[in-house]
Structures are given as structure tokens and as C-alpha cells.
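Thanks for coming, everyone. Let me put the structure up, and then we'll walk through it.

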Amino acid sequence: MTHIRTQIREYVVNGLKNKTHAQDRVYDSRIHETDEFPMINVAIQRERFLEVYQQSPSIIKMASELEIQAVIKVDDNFAKTLDTLCQQIENRIDYSLAELVDSCTYNSTEIIFLEEQENVLAIAKMTYQVEYMKEEPVLPADDEANLDQFHVDYDMADPNDGSVTGPDGQIDATDIVDV
């Protein structure tokens, strides 16, 4: 099965191709060679754990930062051109992402400039937070017999801070247990 991050990127790319001034120059990676502009790059920046939704089988709620980069060459009208491309992207983003995710929320847009050879590029980094459920894989029964040890990390309360009674987010000890 295709990973959820890949599914999200592919869905956004397909939803934007030939529907903006970038035409078919919409990529599911920030790394590619092209000298044609405008173009759009789609990437997942960070994925983080939110909560355990179900214990067994293990289903966890995750959040990822979906970054859509609108890239244009800087000219006398670059601000209007970039704003138009961003508006086209915003109009095309389906906040449900075809039921792939539980939610998709706009976070921010950051404009940066990049000098690349003889071109100056303006890049609008549009960030959305997407939340979704992810099932953790369960080891097949025949693989379980091959486990001969496991690693344990201990996260204890800070002994110098009496107001904190639970884990402080810092690993205090590590152990390897032979089974």
C-alpha cells in the first residue's frame, strides 16, 4: 500500500496540473531540473504524532505540514504574478483531500527570493496542516519469534523541578533487554 504522504502529494499534484498558470509544471518534489516558470512544487515537510486513536490494532493520529511552493521569475510584475498563482492554488486545494485526511488547514505563506544563475526567483511557500489516521504495522506471527531483545528509553520527571510530575521530554536512561 502506498504511504499516506505519497498519496497526499500525488493528489495535490494531480489537482493542480493544468489548472493554474504553471500548467503541467507541478512536481511532487522540490528537487528537479527545469528552467521553465512558473512552476509548483509539492512536499511534506514534517510529520508528527498527535495521539493514539486505537490501541490494537494500533491506529495513531498524525499531522504533517504540506508545503506548496509557487515559483516564478522576478520581473516588473512579479508581485501580481505570484499573488495570482497563489490564488489559483488556494482555489484548487480541496480541504478534504478526497477523504485521504481528516482535515486540511491553511497555516501561512512565506515569500523568499533565490538567485539562481542569471535568474532571480520569487517563491511563495504556502503551508497547510493535514491531519490523518495511520495504522501501525503489526509483525507477522513468524517474525515475532526472531525478536531476541528490545530497547527501552526512560523519560522521567526533572528532579530539580517539583512542579512537573510526569515525563519532561528528555531521555534519562536507555536499556537493552534480552528476551
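**Starting from one serine**

Ser-64 sits in strand β3, which covers residues 59–73. Strands here are DSSP runs of E with at least two residues, helices are runs of H or I with at least four residues, and both are numbered from the N terminus. Before going on, a word on the source. This is a predicted model, where local features need pLDDT of at least 70, side-chain atom pairs count only at pLDDT 80 or more, and totals for chains, interfaces and linings use all residues. Residues are numbered from 1 along each chain as its sequence is written, and side-chain values use heavy atoms, with hydrogens and water left out.

Back to Ser-64. Is it buried or exposed? Ser-64 is buried, because its relative accessible area is 1%. Buried means under 20% relative accessible area, exposed means over 50%, and partly exposed lies in between, with a 1.4 Å probe and protein chains only.

What does Ser-64 touch? Leaving out residues up to four places away in sequence, its contacts include Arg-5, Ile-44, Tyr-128, Gln-129 and Tyr-132. Contact means heavy atoms within 4.5 Å. The side chains of Ser-64 and Tyr-132 are joined by a polar contact of 2.6 Å. A polar contact is a pair of N or O atoms within 3.5 Å; within protein, one must be able to donate a hydrogen and the other to accept it, and residues adjacent in sequence count only if both atoms are side-chain atoms. Ile-44 lies 20 residues from Ser-64 along the chain, yet their C-alpha atoms are separated by 6.6 Å.

**The sheet**

Now the wider view. Five strands make an open sheet with mixed pairing, in the order β1-β2-β3-β5-β4. β1 (26–27) and β4 (103–116) are at the edges with a single partner strand each, so one side of each has no neighbour in the sheet. Two strands pair if DSSP finds at least two bridges between them.

Take the pairs in turn. β2, residues 39–54, runs antiparallel to β3, with 12 bridges joining them. β2 and β3 form a hairpin, with 4 residues between them. Val-52 has Ile-60 in β3 as its bridge partner. β3 also pairs with β5, antiparallel again, over 15 bridges. There, Lys-61 stands opposite Met-133 in β5. β4 and β5 are antiparallel as well, joined by 13 bridges. Leu-114 has Leu-121 in β5 as its bridge partner.

**A glutamine in β5**

Gln-129 lies in β5. Gln-129 counts as buried because its relative accessibility is 18%. Its side chain makes a polar contact of 2.7 Å with the side chain of Glu-131. Beyond four places in sequence, Gln-129 touches Ser-64, Arg-48 and Cys-104, among others.

**The largest pocket**

Last stop. The largest pocket has a volume of about 250 Å³. Which elements give two or more residues to its lining? They are α1 (4–16) and β5 (119–135). β5 gives the most, with 3 residues. The lining includes Met-1, His-3, Gln-7, Ile-59 and Lys-134. By type, the lining residues divide into 4 nonpolar, 3 polar and 2 charged.

A pocket, on a 1 Å grid over the protein atoms alone, is an open set of points where a 1.4 Å probe fits, with protein on both sides within 12 Å along at least five of seven lines; lining residues have an atom within 4 Å of a point.

Terms used: Grid points are joined across faces, edges and corners, and a volume is the space filled by probe spheres set on the points. Ala, Val, Leu, Ile, Met, Phe, Trp, Tyr, Cys and Pro count as nonpolar, Asp, Glu, Lys and Arg as charged, and the others, Gly among them, as polar.
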